[in-house]
Every structure is written in structure tokens, then in C-alpha cells.
Amino acid sequence: MTKVAIVYHSGYGHTKKQAEAVHAGVLRAEGATPELIAIDAEGNLGDAAWASLEAADAIIFGTPTYMGTVSWQFKKFADTSSKQWFGQKWKDKVAAGFTNSATMNGDKGTTMSYLITFAMQHSMVWVGTGLMPANSKAAQRNDVNFVGGFSGALAQSPSDSSPEEGPAAGDLETAKQFGKRVAETAQKFKK
């Protein structure tokens, strides 16, 4: 079995919903077992969660985009991972990431660049979406990869929406296809 850990922070519930969609996508990959690991409101993880990350074949990072980058809670988690970095505990694990913001752009690209750099610091192997964008005149908001992410799964949730109202169905399907791709890539690396 290929173990895929999805470690994320969600401030308002939208990124949690996206994480759950990534989790559902990992389940679509035969032989993959996903685990959702939530970073708490203070930016902390318990010892069991850290052990799960170390045991995982792939780690998918998720965070909302706040003020053009990761949430402070995610940043605290990243800074706390220096013990894993020093021991190169995540070296050669597959890595990937996703983010959500209130606006269509929201500088999500900066967040994704941060996540890629974070993974590279840990000597991980980054996997993007592998999805073409829905960018024709016929494209609809609920199409897969409407937000157009290549480096990771991107989602948009209006600032006044509840988690039940956003992200859009297309963004959630994008997250599912992304989760499946990451799991399948991790399986190839395991062989």
C-alpha cells in the first residue's frame, strides 16, 4: 500500500473541503491509503501526526492563501519541520500542494511557489496537476481546472460563502483528480 498524507490548515473550512476532495481522489488510486492531518488553529501537530508524515510515501500540503502566501499556522508547521529537514526524513518522498483563496487569482501562485520551495528544502520530488486548464470561450466555472493550476490544485471560494457553498464543484473535482495523480505517482516511485 502507498501511504499518502494530506497535511493542511483551514481557517474557515473551505481548504478543509478541498483537502477532503484530495483525500477522495487518493482513494480513487488502487492500492493507495490517504490520511488527512489537520494543522490546528495554533499551527501545531501532535506526535502521531509527525510520525504519519515520516511514514508516508507522499505528502500533499494544503493551505489557504492569506495576504499572498500560506497561513501563519501553515508557516509555523513548516518552520517546526526543521527537525525533519535536518535529518532529511522526507528526502525523496513525493510532494504536492493545493491552496484556496477568496478571489480568482488571490496571488495563489506565490503560495504555490512557497510550497514548492518548502518541499525542495526537504529534498522532496514535486508533482503538479497534470491537467490542462479550462481556458476556452466554452469553459464554465465548474469545469475541471478552471482556475488553471499546473503546479498544484487551485480553488476559489467567495469570502462570504460557507464551506458548503465553496469551493466550486469543478475545483473539488480538480482536487480529486490531483489527489489520484499524486497517489499514482507515489506508487511509481515506490517500485
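Leucine 131 sits in the loop that runs between strand E6 (125-126) and strand E7 (153-156), where helices (H or I, at least four residues) and strands (E, at least two) are DSSP runs numbered from the N terminus. The model is predicted, so to speak of local features takes pLDDT of at least 70, side-chain atom pairs count only at pLDDT 80 or more, and totals for chains, interfaces and linings use all residues. Residues are numbered from 1 along each chain as its sequence is written, and side-chain values use heavy atoms, with hydrogens and water left out.

Leucine 131 is buried, at a relative accessible area of 14%; buried means under 20%, exposed over 50% and partly exposed in between, with a 1.4 Å probe and protein chains only. Leaving aside neighbours within four places in sequence, leucine 131 is in contact (heavy atoms within 4.5 Å) with Val144, Asn145, Gly149, Phe150, Thr174 and Gln177. From leucine 131 to asparagine 145 it is 14 residues in sequence and 6.8 Å in space, C-alpha to C-alpha.

Next comes helix H6. Among the buried residues of H6 are Thr174, Ala175, Phe178 and Val182. The buried residues of H6 pack against strand E1 (2-8), helix H1 (14-28), strand E2 (32-38), strand E3 (58-66), strand E5 (94-101) and E7.

Elsewhere, the axes of helix H3 (residues 72-80) and helix H5 (residues 108-121) come within 11 Å and cross at roughly 15°; axes are lines fitted to C-alpha atoms, for helices over the stretch in contact, and angles run from 0 to 180 degrees between N-to-C directions. Phe74, Lys75, Phe77 and Ala78 of H3 meet Tyr114, Leu115 and Phe118 of H5 in this contact.
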